[in-house]
Amino acid sequence: MAYEYNLGRAFERIAAAHAERPALLFAAGKALSYRELDGLSNRLARWLKARGLGRRDVLGLFNSKTPEGFALMLAALKIGAAYVNLDDQNPPQRLERILKTCLPRLVVSDQALPPELVRCCEAIAPAVALPPDRDALAGFPDQALTDVGEVTGSDPAYLMFTSGSTGSPKGVVISHASVLNFIQWTRHEFAITPDDVLTNVNPVYFDNSVFDFYASLFSGAAMAPLPRQVVAVPADLVKRVGELGCTVWFSVPSMLIYLMTMRQIRPGIWPAMRCLVFGGEGYPKGELKRLFYLLHPRVRLVNVYGPTECTCICSAYTLAEADFADLQGLPPLGRLAPNFDFLLLSEDRQAVMQGDVGELCLLGPQVGLGYYNDPQRATASFAPNPLCSAYVERMYRTGDLVRQDERGLLWFVGRRDNQIKHMGYRIELEEIEAALNTLPHVTQAVAVYQRIREQHGRIVAFVVSAGPVSETSLKDGLKDHLPDYMIPAHVALLPDLPKNANGKVDRKALQARLLV
C-alpha cells in the first residue's frame, strides 16, 4: 500500500477498492456508492477551484447531510482547503464572530438559507448555493484530480468551533496527519470493516461527527446520515437505524438516556448492532446499567473520551459486568490510543503521583495545530511540556482533572475552570456571561451549572441590572447571541452578587442559593 500523507489520497484508495459498495445510506434502497461519491467530490473540487478556492483557504459549509454536503467536505480535502461546517441554527451575531475568525474565501450551502444568514455570510465572503440542477456540475469532469498529491500531512483538514471563555468561539485546527492517525486507531479499536454501517446521528458541526465521517468513509464502511427531522423523533430514529442495518452507533450519552426514557430501546432492538459508542459527556453508571443489561453481551458498549483539540476522541473503555458492582460516579475514561502520551500535572506544572489528581495534558499525533487566528488562546492551551527541557515538546492542556489508578486506567474527576459539558456540547460559562453583559441594563452577570443528578443539570444565570429587565426579556435577548443549548434554563435577578474575600464573585455562594 502506498504511503498515505493526505486525506484526499486516502479516500481515493478506499473508493477505488470499494467502488460499488455503498458509501452513504440515506434510506432503504437509497444509497450513494463510493464510485459515485468520489466522482461527485471530484466535480465539486473542480467547481470550488473555478471559484478561486485553493490550498490552505477556508471553505465555509452549511451541510444538511446531503450527498453534495459530504462530497464538498471531500472536495475541500482533495484541493487542500480546510472546511468548517457551520450551524444554520446559530444566531447571526454568533455566526458573524465565527466567520470573522476563520475568514472563509467562500461559503457554500446545500440548501436555501434564510436571508439574514445570507447577509451575515456575504459581509465576510461570497455565499453561494449549489446549483439547484445537479446537471449543472456535469461540465466538470469526475476523474481523479492530478494535484491531490500536493497536499501535505501538515495542511489543515478542518476547523471545528467550540465555546470560548472570552465570549468568542474558538476555531480548532486539525491537520491531515492528525486525522489519518485517528482513522488508523478507530479502525483498529472498533474493528471497523467494509461490512459495517456507522450511524451519523451527530450534527456535522458537532465534534462527534468526526468519528462518523472518517471512521466509516475512510475504512470502506457505509455511513448512515440521519437528518435533523428524523433524529428529533425517537421512534423514527430507532426505526431508521434498524432499517439501515446499522452496526456501530456513536452519540452523546444524553441521547441514549432520552431513548431509554422514551422506552425506544428494547431487548432485541437493532439486530445488526454490534458496538454502541458514547462520549462527549459523562454517562452515570446507574443509568448506564439499564442499557448495558438490555444489550449485553450481543452489543459492545464503549465509553470514549477526547477533546475537540485532539481530533474528536483519543481513549476508549469497553464496559463489563464488573463495572456495575458499584453504581456511583462515571465509568473510567480508559487508556489512551497507543501512540498517544499524557501527563497529569499539578497547579505548579509538576507531575503528580499515581492516584493523585492532576490536569490531563495530551501529547501525540492527534493534537491539533491550535486555534485559527487566535494566537493568544492557542499559546495558553497548546503549551510546551514543562517536564521536557531538552527540546520543545508541544502538549494540549485539556483543563480536565483526572487521576490514574493502579491498573493504568484514567478517571475523570472535574474541571479546573468554568467549562461544562451540557447536552454533549462543551460550553464556557464565560461566553454566556459575555452575552448577558451586552444586553441593555445588565451591569453584572454570572452563569453557573446546577447539577440535578450526577452528570445532568441545567444552566442558571444570576443578573444585576440598572434598569427594568425580566427573565423573559433576558432570555429573548440572548437568542440573538447564543445557540439554544447555551440559553440558561433560569435567569435570577439579584440586587448584587456575593463576593469572596478577594473581592471576586463568590460562585460557591451562588451555587448554594440553588440548593435552598
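Predicted model: local features only at pLDDT ≥ 70, side-chain atom pairs only at ≥ 80, totals over all residues.
Residues are numbered from 1 along each chain as its sequence is written, and side-chain values use heavy atoms, with hydrogens and water left out.

Helices (H or I, at least four residues) and strands (E, at least two) are DSSP runs, numbered from the N terminus. Pockets and cavities were found on a 1 Å grid over the protein atoms alone: a cavity is a set of points where a 1.4 Å probe fits but cannot get out, a pocket is an open set with protein on both sides within 12 Å along at least five of seven lines, and lining residues have an atom within 4 Å of a point. Grid points are joined across faces, edges and corners, and a volume is the space filled by probe spheres set on the points.

The second largest pocket has a volume of about 1100 Å³. Its lining comprises 37 residues, and Pro203, Tyr205, Arg228, Val231 and Tyr425 lie nearest its centre. H10 gives the most to this lining, with 6 residues. By class, the lining has 21 nonpolar, 10 polar and 6 charged residues (Ala, Val, Leu, Ile, Met, Phe, Trp, Tyr, Cys and Pro count as nonpolar, Asp, Glu, Lys and Arg as charged, and the others, Gly among them, as polar).

H8 (228-231) and H10 (253-261) are also among the elements that cover the buried residues of H9, as are strands S1 (22-27), S9 (197-200) and S11 (248-251). In H9 (residues 234-243), Pro234, Leu237, Val238, Arg240 and Val241 are buried, that is, under 20% relative accessible area with a 1.4 Å probe, protein chains only. Seen down the axis of H9, these residues fall within an arc of 165°, so they line one face of the helix; the arc is that of the directions from the helix axis to the C-beta atoms. After H9 comes Gly245, with a positive phi near 65°.

A nonpolar core is a set of buried Ala, Val, Leu, Ile, Met, Phe, Trp, Tyr and Cys residues joined through side-chain atoms within 4.5 Å. The largest has 86 residues, and Phe211, Tyr214 and Phe218 have the most contacts inside it. Helix H3 (residues 67-79) gives the most to this core, with 9 residues. Apart from it lies another core, of 62 residues, including Ala224, Leu226, Leu295 and Met486.

The structure holds 2 cavities of 30 Å³ or more.

Phe218 touches Ala10, Ile14, Ile183 and Arg187, among others, not counting residues up to four places away in sequence; contact means heavy atoms within 4.5 Å. H6 (176-189) and H1 (7-17) each supply at least two residues of this lining, and the largest share, 4 residues, comes from H6.

How values were computed
Buried < 20%, exposed > 50% of the residue type's maximum accessible area, 1.4 Å probe, protein only.
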